[in-house]
Amino acid sequence: MSTHEPGADLDPGMTGFDLVREGARRDGVEIVHYAPKFPVPGTRRERRIERTIASMFLLAGAAATAFVVIYIVLPVGYSPGYNSHKWMTPLLGLTLGLTLLGIGMAIITWQKKLFPDEIAVQSRHDQIPNEAERTLTGATMLNMVEELGIKRRPLLRRAALAGLAPVGILAAAPIIGGLLKDPHHPDILFHTGFAGATKDNPIRLVRDDGSPIRPEEVSVGGQMTAYPGIPDGSSVKYADSSALLIRLRADDALTLQVNLHSRGNEGRMAGDLVAYSKICTHAGCPASLYEQQTNRLLCPCHQSQFLITNNAEPIFGPATRKLPMLPISVDDEGYVVAVSDYTEPVGPGFWERP
Amino acid sequence: MKRRKVDVAALPAATARQIDDRFQVATPLRRMFNKVFPDHWSFLLGEIALYSFIVLLLTGTFIALFFDPSAKEVEYSGSYTPLKGVVMSQAYNTALNISFDVRGGLVMRQMHHWAALLFMAAIIVHMFRVFFTGAFRKPREANWIVGVSLFWLGFLEGFCGYGLPDDALSGTGLRIASAITLSIPVVGTWVTTSLFGGEFPGDVILDRMYIAHVLLVPAIILGLITVHMALLVKQKHTQWPGPGRTNHNVVGVRMFPGFAAKGGGFFMIVFSVIAFLGGLFQINPIWLFGPYKASVVSAASQPDWYVMFLDGSTRLMPAWELRWHMFGHGYTLPPILWPTVVLPGILTVLPLFYPFIEARFTRDKTAHHLLQRPRDVPTRSALGAMAITFYMVLFLSGGNDVIADKFNISLNATTWFGRIGILVLPPLAYYVTHRICLGLQQHDREVLVHGIETGILRRSVDGRFYEVHQPLAAADDHGHAELDYAGWVVPKKMNRVGALMPSVRGFFRPIEQPPGQPTEAPVSPAPDREEIGTGTRQR
């Protein structure tokens with residue numbers, strides 16, 4: 001291909017589409033087929049298509065106007081029951097969708113039905129590697145290294161490395177240092193909101209609203225979520241602390257009593273009452289779907305199942321550890337209390353967990 | 001004073017001249033206008049992802065104007081009466097306000113969510129297209145890697161967005177995320193407390209996810225999309241084989257006006273579909289879930305669909321935990337480590353390197369610009385089907401509680417189905433796909449040798465019946481009319497070779513007179529048959 005001097009090599013006789021074709025040719029594109037869809041202008045079919053496209057644009061305009069009117073007129077906010085508040089979102093979506101659909105369909109119909117048929121072929125000659133160019137660029141790059149003289153000057157090389165390495169650490173330091181938080185001081189992994197509870201200084205189990213719980217308030221075969229009776233005890237600040245307080249049927253309680261010693265849980269029940277950590281030992285969801293008939297607790301996140309009558313041992317699903325049992329008792333005033341924190345870590349497993 | 005008249009007709013040309021005087025853009029601009037794009041429906045799947053991303057940026061900016069990611073506790077006083085007076089985080093409070101008290105806020109929020117789901121779906125389907133047609137082969141390995149990275153960044157971006165409203169579902173999702181980081185060997189607890197600024201949930205995680213969701217991750221995604229597009233322009237689009245199409249050219253239409261008009265129109269249609277979805281189909285009704293409480297969860301709590309496969313893998317994982325004693329202390333590798341840390345690690349690395357792995361096995365070092373039909377590469381197609389089956393088993397297992405509930409099946413049975421299915425079904429899919437590919441290849445060759453089955457039965461003079469076949473090429477001196485396979489669709493019905501009447505135009509009545517109906521089927525039979533095997537494919 002010859003080089004093109006600005007404006008010098010254009011045939012002055014070239015007009016219209018010849019110029020387009022020539023321009024494409026210079027870009028490595030050959031327009032091999034180019035034919036108008038309607039060689040005879042103004043046929044019935046062509047006018048029909050024009051009307052269709054025009055109506056799509058008009059539909060878009062009408063829908064856009066409707067959108068603005070709805071946006072201004074309809075009331076915002078919520079009010080219970082069936083009312084005009086409920087219409088805002090669907091109508092906005094509908095009118096916005098129609099607006100955009102109208103524009104989109106109009107443009108695509110225009111392109112497909114009215115644009116000339118075209119087949120253009122572009123060459124990929126620029127994607128074939130050029131050995132000479134490679135040699136020249138390679139030599140230039142080698143020359144850069146040569147100019148630096150890094151090979152001949154070992155002192156500079158080592159000094160630069162020694163000088164720049166700490167800069168990299170410097171860049172990482174504030175990010176890592178700023179975020180870093182020790183999980184062991186304070187030891188949040190092994191303690192919950194019940195930390196500090198002892199026989200002499202027990203912590204009450206309370207409801208969501210902070211009110212203490214009497215054993216008889218849990219129906220037989222029923223359950224209740226309990227939190228540590230400390231300030232903010234039921235808030236997400238003590239996300240690990242919640243317990244499921246269950247009152248077993250008499251024979252189930254007997255079964256559990258027999259099973260307690262096998263897992264070191266002796267003396268942690270209060271009569272028929274037992275309190276298990278509500279936090280699943282698998283992924284930390286509340287394992288709170290209580291199947292009263294089968295005495296199972298099911299975690300809805302990954303379907304681990306725990307058998308209440310056997311120390312909440314996992315019997316199905318991905319969980320590997322039993323739900324920790326909260327040692328409970330009933331205090332002098334007749335309220336359920338925890339006489340110790342959970343004796344093992346609550347929630348999902350981790351590396352340092354024994 | 002006499003005013004100089006402005007020649008309006010000459011204005012565009014004069015402006016263009018002034019601009020080119022300064023920037024010399026005539027050549028590069030024309031090169032861009034004239035860039036040729038090949039045309040096939042499968043090439044617009046990636047466009048859907050791009051357009052959804054634009055919608056995400058637009059709607060996301062609107063939402064960000066009204067959203068405050070603070071974990072500070074406030075009492076709800078908005079117009080949604082069922083939650084009036086409930087103590088909640090400022091994040092959940094503002095998310096509710098966007099849904100009820102900002103004009104058009106809910107439609108924007110729902111469009112944002114739908115666009116995110118569509119973004120991920122389009123990425124995956126686009127990856128299928130690229131994988132099964134071999135578009136990732138040399139020289140496009142780098143763009144494949146960028147694409148895989150975009151999938152995982154979209155995944156991360158979506159997860160952060162899902163966690164931001166601080167409703168019961170997003171809090172549960174975050175709780176599981178913290179369990180996942182906790183399970184990482186050696187550094188897990190440090191990573192978790194560092195991310196959450198202490199114990200879960202703490203009060204910094206929402207702010208951190210917010211900055212990741214609105215700045216860090218979108219900026220990286222935007223940068224990678226730019227690289228993705230730049231490489232596409234530089235390397236030019238792949239094309240299907242066909243008449244006049246070679247490894248050294250691109251056959252199609254020029255970018256302007258034809259391709260650009262189609263692309264622009266298609267953007268509007270994608271946008272419109274998202275608007276319909278956002279307005280008419282409720283998604284993530286956070287007001288029904290309530291604020292996050294660590295002790296509250298409901299059944300059927302599923303993540304967004306593109307996270308479900310990891311939820312599924314977690315559900316299927318047997319209760320296997322490694323525990324041992326070392327230096328007087330016990331250590332644990334929890335079961336959640338394998339399906340949520342190790343598996344995604346494999347699912348990242350394996351696809352990233354797939355182009356190189358395949359090239360090594362096939363010893364293929366040449367550049368490819370022509371696509372392959374899936375049937376012509378049975379091994380790759382079978383591997384792809386195997387991967388999709390693996391994914392689908394995990395995906396369905398992510399909703400096994402809903403399946404068990406709706407179809408009245410035992411929940412544990414669905415888990416066992418997944419556990420066995422994940423081992424049995426992918427190899428089965430491999431085998432079946434491989435056989436289907438070979439069968440399709442064989443049929444293509446049969447049609448090329450014998451012609452199209454016309455469905456016309458003839459009886460010869462000696463009483464035998466045979467089906468008339470229409471050969472695709474003129475017979476040579478020996479009476480054979482055999483064609484070579486060209487890597488593209490072989491016509492298998494008579495109307496594909498123009499042997500049927502042209503369709504009649506018009507909806508209620510014809511607007512053109514149809515040409516005269518042929519009186520006899522236009523076939524030219526060649527009755528001899530021979531056995532056809534699977535052809536060898538060209539590389």
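I began with Pro36(A), which sits in the loop between β1 (29-35) and α2 (44-73) of chain A. Helices and strands here are DSSP runs, H or I of at least four residues for helices and E of at least two for strands, numbered from the N terminus. Pro36(A) counts as exposed, because it has 11 C-beta neighbours inside 10 Å. The cut-offs I used are 20 or more other C-beta atoms within 10 Å for buried, 12 or fewer for exposed, and partly exposed in between, with C-beta atoms placed from the backbone.

Before going on I noted the conventions. The model is predicted, so local features need pLDDT of at least 70 and side-chain atom pairs count only at pLDDT 80 or more, while totals for chains, interfaces and linings use all residues. Residues are numbered from 1 along each chain as its sequence is written, and chains are lettered from A and ligands numbered from 1 in the order in which they are written.

**Strands**

I followed β1(A) to its pairing with β2(A), which is antiparallel over 6 bridges. Two strands pair if DSSP finds at least two bridges between them. Glu30(A) has Val121(A) in β2(A) as its bridge partner.

**Contact between the chains**

I then looked up the whole contact, to which chain A gives 71 residues and chain B gives 87 residues. Contact means that the C-beta atoms of two residues, placed from the backbone, lie within 7 Å. On the side of chain A that touches chain B, at least two residues each come from α1 (17-26), α2, α3 (88-114), β2 (117-123) and β10 (313-316). The largest share of that side is the 15 residues of α3(A). By class, the side of chain A that touches chain B has 41 nonpolar, 20 polar and 10 charged residues. Nonpolar covers Ala, Val, Leu, Ile, Met, Phe, Trp, Tyr, Cys and Pro; charged covers Asp, Glu, Lys and Arg; the others, Gly among them, are polar.

**Chain B overall**

I counted 16 helices and 8 strands in chain B. Its C-alpha trace spans about 95 × 90 × 55 Å along the principal axes. Chain B has 539 residues, of which 39% count as buried. Of its contacts with a separation of 6 or more, 72% are between residues 24 or more positions apart.

**Two helices of chain B**

I checked how helix α3 (residues 45-64) of chain B packs on α10(B): the angle is about 60° and the axes are 9 Å apart. Axes are lines fitted to C-alpha atoms, for helices over the stretch in contact, and angles run from 0 to 180 degrees between N-to-C directions. α3(B) is therefore oblique to α10(B). Angles under 35 degrees would be roughly parallel, over 145 roughly antiparallel, 65 to 115 roughly perpendicular, and the rest are oblique. From α3(B), the contact takes Glu47(B), Ile48(B), Tyr51(B), Ser52(B) and Val55(B); from α10(B), the residues include Gly263(B), Phe266(B) and Phe267(B). The contact of α3(B) with α10(B) divides into 8 nonpolar, 2 polar and 1 charged residues.

**Backbone exceptions in chain B**

Most residues other than glycine have a negative phi, and most peptide bonds are trans. I found a cis peptide bond between Lys138(B) and Pro139(B), with omega about 10°. Pro139(B) belongs to the loop between α5 (105-132) and α6 (141-163). Phe256(B) and Pro257(B) are also joined by a cis bond, with omega near 0°. Pro257(B) is in helix α10 (residues 255-280).

Val186(B), not a glycine, has a positive phi of about 65°. I placed Val186(B) in the loop between α7 (168-182) and α8 (188-196); it is exposed, with 10 other C-beta atoms within 10 Å. Phe327(B), not a glycine, has a positive phi of about 50°. Phe327(B) lies in the loop between β5 (322-326) and β6 (329-333), and counts as exposed with 5 C-beta neighbours inside 10 Å.
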